[in-house]
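This report is written for a reader who has not seen this structure before. Please look over the sequence and the structure before reading on.

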Amino acid sequence: MEIYKLVFSPIDVNTYILADQTGECAIIDCGCYDREEFQQLEKLISSKNLKPVLLLNTHCHLDHIFGNRFMLERYNLRTLSNELEEGNRKNAAQHAMLFGLTMENPPEPAGFIKHNQIIKFGNTELKALDVPGHTAGSLAFYSEINGCVFTGDALFAGSIGRTDLPGGNYETLISNIKNNLFSLPPETVVYSGHGNETTIEREMKSNPFFS
Ligand SMILES: [Zn+2]
């Protein structure tokens with residue numbers, strides 16, 4: 001599987017494009033914010049001859065869903081997310097105004113996913129893992145065969161997501177990271193919602209929230 005990363009919006013969110021040998025691709029947290037960024041994503045997809053078939057959200061904070069309307073209008077794709085994120089999705093446009101940003105109301109999701117559910121694109125399977133605590137319905141997406149996990153804003157290189165926003169809870173976040181992420185093989189590569197990639201082993205050993 002190829003993993004492409006684009007960093008979008010004034011909030012610098014990581015958007016991941018996962019493509020396997022079938023040419024189908026999944027997009028995790030489509031954060032493209034304006035026309036220039038829509039074109040950047042479109043260009044990557046067309047230059048690699050990819051067919052977007054799956055849109056996923058780790059959670060529905062505004063920066064992670066800026067591009068969801070574009071994905072619907074350009075590729076006829078709606079997102080899959082945890083039902084507990086519906087409040088964040090519905091409040092996103094209003095929340096954007098607090099940041100001095102504008103966005104239309106994000107489209108209705110295609111459906112809801114939960115812990116341990118398998119989601120497929122091409123020949124690739126991703127498993128949803130519960131990691132609430134940054135938000136009430138945060139999910140990570142794990143590919144066992146590719147040895148990687150997409151953790152949204154739950155776990156970062158050297159840090160964890162903030163827990164002071166609605167639905168956040170510090171103890172919940174810590175225990176979910178320990179139970180559902182630190183139980184993965186130590187060499188698993190962690191792709192976060194912001195910043196650089198890391199590994200499960202490195203975070204278990206050196207993340208200040210756990211050492
Ligand atoms: Zn967030």
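## Nonpolar core

The model described here is predicted. Its largest nonpolar core has 19 residues. Inside this core, the residues with the most contacts are I17, I27, C30, L41, L50 and M71. At least two core residues come from each of β1 (2-8), β2 (13-19), β3 (24-28), α1 (35-47) and α3 (68-75). As a general matter, nonpolar side chains in soluble globular proteins tend to be buried together.

Not counting residues up to four places away in sequence, C30 touches T15, L41, L55, H64, I65, F66, G67, N68 and M71.

## Zinc site

Four residues coordinate the zinc ion: H59 through NE2, H61 through ND1, H134 through NE2 and D153 through OD, at 2.2 to 2.4 Å. Along the chain, these donors follow the spacing H-x1-H-x72-H-x18-D. H134 lies in the loop between β8 (124-130) and β9 (139-143), while D153 lies in the loop between β10 (148-152) and β11 (155-156), so the pair ties together parts that are 19 residues apart in sequence.

H134 and D153 are both buried. The angles among the four donor atoms run from 88 to 170°, and the site is irregular.

## Helix α3

N68, F70, M71, L72 and Y75 are the buried residues of α3. They pack against β3, α1, β4 (51-56), α2 (62-65) and β5 (79-81). M71 is also one of the residues with the most contacts inside the largest nonpolar core. Just after α3 comes N76, with a positive phi of about 55°.

## Helix α5

Helix α5 covers residues 170-181, twelve residues in total. From its first C-alpha to its last it reaches 16 Å, close to the 16 Å expected at 1.5 Å a residue.

Which residues of α5 are buried? They are L173, I174, N176, I177, N180 and L181. Seen down the axis of α5, the buried residues fall within an arc of 165°, so they line one face of the helix. In general, an α-helix has 3.6 residues a turn, so residues three or four places apart point the same way. The face of α5 turned away from the buried side carries the exposed residues E171 and N179. The cover over the buried residues of α5 includes β8, β9, β10, β11, β12 (159-160) and α6 (200-206).

## Residue I65

I65 lies in helix α2. Residues under 20% relative accessible area are called buried, and I65, at 2% relative accessibility, counts as buried. Leaving aside neighbours within four places in sequence, I65 is in contact with C30, N57, H59, C60, R89, A92, M103 and P106. Among these contacts, H59 is a zinc ligand and C30 belongs to the largest nonpolar core. I65 and G31 are 34 residues apart along the chain, and their C-alpha atoms are separated by 5.5 Å.

## Residue H115

H115 is found in the loop between β6 (111-112) and β7 (118-121). Is H115 buried, exposed or partly exposed? With a relative accessible area of 31%, H115 is partly exposed.

Apart from neighbours within four places in sequence, H115 is in contact with A128, L129, D130, L139 and N180. N180 is one of the buried residues of α5. H115 and P52 are 63 residues apart in sequence, and their C-alpha atoms are 23 Å apart in space.

How values were computed
Residues are numbered from 1 along each chain as its sequence is written. This is a predicted model: local features need pLDDT of at least 70, side-chain atom pairs count only at pLDDT 80 or more; totals for chains, interfaces and linings use all residues. Side-chain values use heavy atoms; hydrogens and water are left out. A nonpolar core is a set of buried Ala, Val, Leu, Ile, Met, Phe, Trp, Tyr and Cys residues joined through side-chain atoms within 4.5 Å. Buried means under 20% relative accessible area, exposed over 50%, partly exposed in between (1.4 Å probe, protein chains only). Helices (H or I, at least four residues) and strands (E, at least two) are DSSP runs, numbered from the N terminus. Contact means heavy atoms within 4.5 Å. Donors are N, O and S atoms within 2.8 Å of the metal (3.2 Å for Na, K and Ca); water is not among the atoms, so sites may look incomplete. Four donors count as tetrahedral if all angles lie between 85 and 135 degrees; four count as square planar and six as octahedral if opposite donors are over 155 degrees apart and all others between 65 and 115; anything else is irregular. The expected span of a helix is 1.5 Å times one less than its number of residues. The arc is that of the directions from the helix axis to the C-beta atoms.
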